[in-house]
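Visitor: Could you walk me through this structure, one question at a time?
Guide: Gladly! Let us look at it together.

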Amino acid sequence: MPPSAPYEGPITMTRKGIGFFSLGEDQEDLIIPPEATLHALHGDIVKVEPAGMYQDPMGRMPARASGKVVAIVSRARETFVGTVLENTETHAPYLASDYKKMHVPILLGDLGQATFGDKVLVRLTKWPADAEYPEGVVEEIIGRAGLHDVEMRALVLGSGFSPTFPPGVEAEAARLEHEGRALLEAGAKSTTRRDFRAVATCTIDPFDAKDFDDALSVRKLPDGNVEVGVHIADVSYFVTPGTTLDKEAALRATSIYLVDRTIPMLPEILSNDLCSLRPNEDRLAVSAVFTLDANANIVDEWFGETVIHSDKRFTYEEAQGVLDAGSGTMHEELSTLLALSKKIRARRAERGAIEFDTPEVKIELDSTGKPIAIHLKERKATNLLIEDFMLLANEAVAKNLSKLTNQSGTPFASLYRIHDEPDADRIENLAHLLRVMGYQLETSGGRVRGRDINALLEAVKGKPEEYLVKTAALRSMSKAVYSTKNIGHYGLAFDFYTHFTSPIRRYPDLVIHRLVKSHAGGTPVTEQEIQDFDRLALHASEREVAASDAERSSIKMKQVEFLVPHIGETFDAVISGVSDRGLFVEEQTTRADGMIAVRNVGEDFFEYDEKHYRLVGRRTHKAYQLGDPIKVKLIAARIAEKELDFVPA
């Protein structure tokens with residue numbers, strides 16, 4: 001049943017200014033023609049009323065239910081980043097927004113110190129009902145478009161984040177510069193903390209990591225069991241509710257990792273120093289400590305505040321080197337952890353956890369920010385080892401908090417990381433796509449088991465279409481989000497899951513630490529904080545998406561820039577998408593996406609065969625199908641638009 005009209009919720013806008021409004025599951029979205037959007041922009045919260053059936057004047061789609069926006073409740077964004085350009089006819093300045101879902105230019109009045117070609121931050125000021133375009137005012141001149149630092153800063157500002165901290169936060173950070181060491185020493189002396197300083201402990205992180213928010217301790221017990229401590233930086237000791245520092249961390253909700261820089265959630269004195277679990281120094285932690293038997297089953301568990309002393313900071317490669325050599329620093333401890341992690345992973349796979357092992361792109365830059373090499377990150381056994389124990393801790397903490405919440409009889413709540421089952425239509429579309437490519441995916445009424453997806457991923461390993469199939473399967477999944485209502489985590493096959501292991505870079509983890517402490521007899525979480533959990537879950541989910549988009553954009557920009565000197569060269573690619581506009585291709589060494597426009601596909605009239613995901617030549621019957629390997633020649637690379645154009649080689 002759809003909600004009663006007028007409906008309220010977010011509107012989705014296309015680049016052509018057409019809106020779509022979701023009525024919920026099992027209901028077709030209302031289409032909202034451009035003249036009925038009331039100048040709504042993508043993501044705005046709007047009120048919509050039904051408006052009868054809509055017939056596309058171009059006849060490109062069948063008649064469908066339509067709606068009209070009767071009110072804009074709130075704007076999704078009020079600032080936009082882009083380049084100042086000049087209208088060729090009127091010579092008036094306007095903003096060409098970098099945000100691809102901003103479907104109209106923003107007219108600019110007084111430019112101040114800005115000039116044509118500048119990258120700027122603009123605030124939307126008004127959009128009169130009878131005006132074709134909105135108006136805005138320049139709030140910040142970022143610099144000349146195309147320069148590396150300017151484009152990176154623009155990505156951050158355009159995502160709604162700030163590269164700098166406000167004065168109040170800087171003042172609190174300065175205070176911690178002076179007082180932090182004494183605070184840390186006082187915390188280490190606390191009798192309420194379990195002392196793990198004498199237990200063998202290490203961190204394992206990427207070679208370029210500057211903050212270490214998780215450490216593992218391990219010791220063999222007299223009865224043959226093994227105690228493993230998952231120790232997480234105690235950010236909540238330094239960042240307390242109500243402070244300027246805490247409010248800014250909640251507003252940011254996450255750190256952002258661009259190709260050349262990190263925009264941290266917390267000031268550096270915390271993220272890289274006081275909270276970071278640096279080697280050979282006492283550090284405060286919130287820990288999940290497990291007693292595991294020989295099969296990695298949990299015999300006992302404990303959650304609470306600790307003090308630790310990391311004996312060694314490993315990179316993934318260094319730890320792997322010790323394991324491969326069969327000797328070296330902490331070899332016995334690493335071997336014990338590896339053996340247990342393999343059993344934890346195997347048990348998760350049996351339960352149907354989906355293993356999307358898609359390689360990440362690592363871009364190497366020179367001192368000026370120019371890309372000089374692109375690598376695919378290799379996941380080693382030590383990467384998986386850390387992942388296994390972090391997942392173990394996240395699941396156990398979620399279970400424990402849920403149990404304590406239910407037992408407390410107080411207005412307690414918890415934050416969960418939830419992942420819904422995939423949408424039935426998406427799964428059926430995926431199954432159809434796979435059949436076209438020659439693969440079978442077992443489905444039942446639009447439902448699919450994790451183990452069947454794993455079998456599919458195993459079947460495509462090492463084949464040209466492997467990355468494509470993984471990407472298509474990943475896109476068919478629901479998005480993981482934060483919520484106070486637990487529905488489990490489909491992808492990981494967990495009934496309970498939360499984020500506990502990265503409070504330096506994720507605000508929900510910080511909240512979970514406060515809950516763990518509160519239940520253990522520490523500072524109670526206030527009723528007001530609990531009431532704010534729903535709002536926090538929504539905000540953290542939205543900020544996570546914005547950060548992820550910025551990170552992907554920075555990678556895409558550098559991939560395009562890297563390929564500029566290679567225009568005219570031939571590459572191996574895979575057809576990653578097909579539409580009536582042409583072929584989307586993915587170059588195989590850099591994983592860069594590009595397009596072959598339908599007019600450039602070949603010397604024939606190519607028609608889109610939607611049912612079989614292919615373009616077919618009317619005269620030659622030559623077919624280009626989704627998943628096919630293809631040799632392509634690069635003919636254009638536009639850095640500002642992050643776009644590549646190819647033709648078949």
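**A tour in questions**

Guide: Let us start with a network of salt bridges, which links Arg 345, Arg 348, Glu 355, Arg 379, Glu 387 and Asp 388. A salt bridge here is a side-chain nitrogen of Lys or Arg within 4 Å of a carboxyl oxygen of Asp or Glu. Please keep in mind that this is a predicted model, where local features need pLDDT of at least 70, side-chain atom pairs count only at pLDDT 80 or more, and totals for chains, interfaces and linings use all residues. Residues are numbered from 1 along each chain as its sequence is written, and side-chain values use heavy atoms, with hydrogens and water left out.

Visitor: How many salt bridges does the structure hold?
Guide: Side chains of opposite charge can pair when their charged atoms come close. Counted over the structure, the salt bridges number 57.

Visitor: Which helices hold Asp 388 and Arg 345, and how many residues apart are the parts that this pair ties together?
Guide: Asp 388 and Arg 345 meet through their side chains in a salt bridge of 3.0 Å, N to O. Asp 388 sits in helix H7 (residues 381-408) and Arg 345 in helix H6 (residues 331-350), so the parts tied together are 43 residues apart in sequence. Helices here are DSSP runs (H or I, at least four residues), strands are runs of E (at least two), and both are numbered from the N terminus. The helices asked for are therefore H7 and H6, and the separation is 43 residues.

Visitor: Is Asp 388 buried or exposed?
Guide: Buried means under 20% relative accessible area, exposed over 50%, and partly exposed in between (1.4 Å probe, protein chains only). Asp 388 has a relative accessible area of 1%, so the word for Asp 388 is buried.

Visitor: What is the distance between the closest N and O atoms of Arg 348 and Asp 388?
Guide: Arg 348, at 4% relative accessibility, counts as buried. Arg 348 and Asp 388 form a salt bridge, and their closest N and O atoms are apart by 3.1 Å.

Visitor: Arg 278 forms a salt bridge with Asp 273; is Asp 273 buried or exposed?
Guide: In this pair the closest N and O atoms are 3.1 Å apart. Arg 278 has 25% relative accessibility, so Arg 278 counts as partly exposed. Asp 273 has a relative accessible area of 13%, so Asp 273 is buried.

Visitor: How many aromatic pairs are there?
Guide: Rings of Phe, Tyr and Trp (its six-membered ring) pair if their centres lie within 6.5 Å; planes under 30 degrees apart count as stacked, over 60 as edge-to-face and the rest as tilted. By this rule the aromatic pairs number six.

Visitor: What kind of pair do the rings of Phe 80 and Tyr 99 make?
Guide: Phe 80 lies in strand S6 (residues 79-86) and Tyr 99 in the loop between strand S7 (93-97) and strand S8 (106-108), so the pair ties together parts 19 residues apart in sequence. Phe 80 is buried, with a relative accessible area of 1%, while Tyr 99 is partly exposed at 23%. The ring centres are 6.3 Å apart and the planes stand at 45°, so the pair is tilted.

Visitor: In what order do five strands close into a barrel?
Guide: Two strands pair if DSSP finds at least two bridges between them. Strand S9 (residues 118-126) and strand S10 (residues 135-144), for example, pair in the antiparallel sense over eight bridges. In the barrel the pairing is mixed, and the order is S6-S7-S8-S10-S9.

Visitor: Which residue in the turn of the S30 and S31 hairpin has a positive phi?
Guide: S30 and S31 pair in the antiparallel sense over six bridges, and Val 632 stands opposite Pro 648 in S31. The hairpin has four residues between its strands, and the residue with a positive phi of about 60° is Lys 642.
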